[in-house]
Amino acid sequence: MQRFNNRVAFVTGAASGIGRETAIRLASEGASLMICDIDEQGLQKTFADCLKHKVKVAAQYCDVADYDSCAAAINACIEQYSKLDVLCNIAGIAQLKHFTDISVDEWQRMLGINLSSVFYLCQLAMPHLIKTQGNIVNMSSSAGLVGQAYTSAYCTTKAAVVNLSKSLAVEYSGQSVRVNALCPGSVKTPLSANVNFPENIDRMLLSKMFPMLDAAQPSEIAAAVAYLASDEARFITGAALPIDGGQTAG
Ligand SMILES: NC(=O)c1ccc[n+]([C@@H]2O[C@H](COP(=O)([O-])OP(=O)(O)OC[C@H]3O[C@@H](n4cnc5c(N)ncnc54)[C@H](O)[C@@H]3O)[C@@H](O)[C@H]2O)c1
């Protein structure tokens, strides 16, 4: 499949996990890429792996929690390719904490990286996406669809990403810009592997977070990003698609 020939895609969180697999998947389908992250070493590795597909790739340091950094990255993309077709907001962090232990700084950091970033980049990209009748895929989570213990700040950001996506889908439907959210359950990436469990937790409450099936591979989530971003999903906008092994179905 070469669904992204002559398309330009902007991918955040591209140094690792789902963002990295998404960049490689889009490259394998012919996309020209602007890949972004704060992890420059990881970004260089993704850059090299995307280039193997003989597509155009540009890599840019971008702290998604910083508006000016986001603006510089979108400008760099337009300077490089003169257009933008697909925005994939994938960068994110997670933290497990008792609600009463979350500091104000931790709350603000979570909101900045997981939520304000999506506002910044959607707003900065929108004029360019209107020109190309492009689309946005925002990475939410099953934690954006249901409440989960010990992740209240994370859940808050991911639920907001779902409704921000739906709001934009409605507002820009007349201009043919599609906006969708993906809601993965557990995915085998450094983010899930490095999560630290707080002390004194009720493990029964946590059991609801784990799907009936095995965790997903990041490439399985990337495949869904590529589908939603492609013309095959022409009639899908405002969706929040769970990929969670049934975790949120019951
Ligand atoms: N892994 C899971 O189980 C899972 C489940 C549901 C949703 N998600 C979501 O998927 C997205 C990707 O997560 P992942 O599992 O691939 O994690 P990951 O840790 O493998 O990758 C996240 C990437 O985001 C980057 N990043 C962090 N802060 C940043 C910042 N300020 N600016 C730019 N980049 C930054 C990191 O450097 C890293 O490369 C996140 O939004 C996460 O919430 C993950």
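## Around the ligand

Two helices, H1 (17-28) and H6 (190-193), each give at least two residues to the shell around the ligand; helices here are DSSP runs of H or I with at least four residues, and strands are runs of E with at least two, numbered from the N terminus. Residues are numbered from 1 along each chain as its sequence is written. This is a predicted model, in which local features need pLDDT of at least 70, side-chain atom pairs count only at pLDDT 80 or more, and totals for chains, interfaces and linings use all residues.

Of the 31 residues around the ligand, those that come nearest are Gly13, Gly17, Gly92, Thr189 and Leu191.

## Helix H5

Let's turn to H5. Helix H5 spans residues 152-171, 20 residues in total, and reaches 28 Å from first C-alpha to last, close to the 28 Å expected at 1.5 Å a residue (1.5 Å times one less than the number of residues).

Its buried residues include Tyr154, Cys155, Val161, Val162, Leu164 and Leu168; buried means that 20 or more other C-beta atoms, placed from the backbone, lie within 10 Å of the residue's own. Among the elements covering the buried residues of H5 are helix H4 (104-132) and the strands S5 (135-139), S6 (178-184) and S7 (240-243).

## A closer look at Ala153

Ala153 lies in helix H5. Ala153 is buried because 23 other C-beta atoms lie within 10 Å.

Beyond its neighbours within four places in sequence, Ala153 is in contact with Gln95, Ile102, Glu106, Trp107 and Met110, where contact means C-beta atoms, placed from the backbone, within 7 Å. Ala153 and Gln108 are 45 residues apart in sequence, and their C-alpha atoms are 9.2 Å apart in space.

Conventions. A residue is buried if 20 or more other C-beta atoms lie within 10 Å of its own, exposed if 12 or fewer, and partly exposed in between; C-beta atoms are placed from the backbone. Two residues are in contact if their C-beta atoms, placed from the backbone, lie within 7 Å. A residue is near a molecule or strand if its C-beta atom, placed from the backbone, lies within 6 Å of it.
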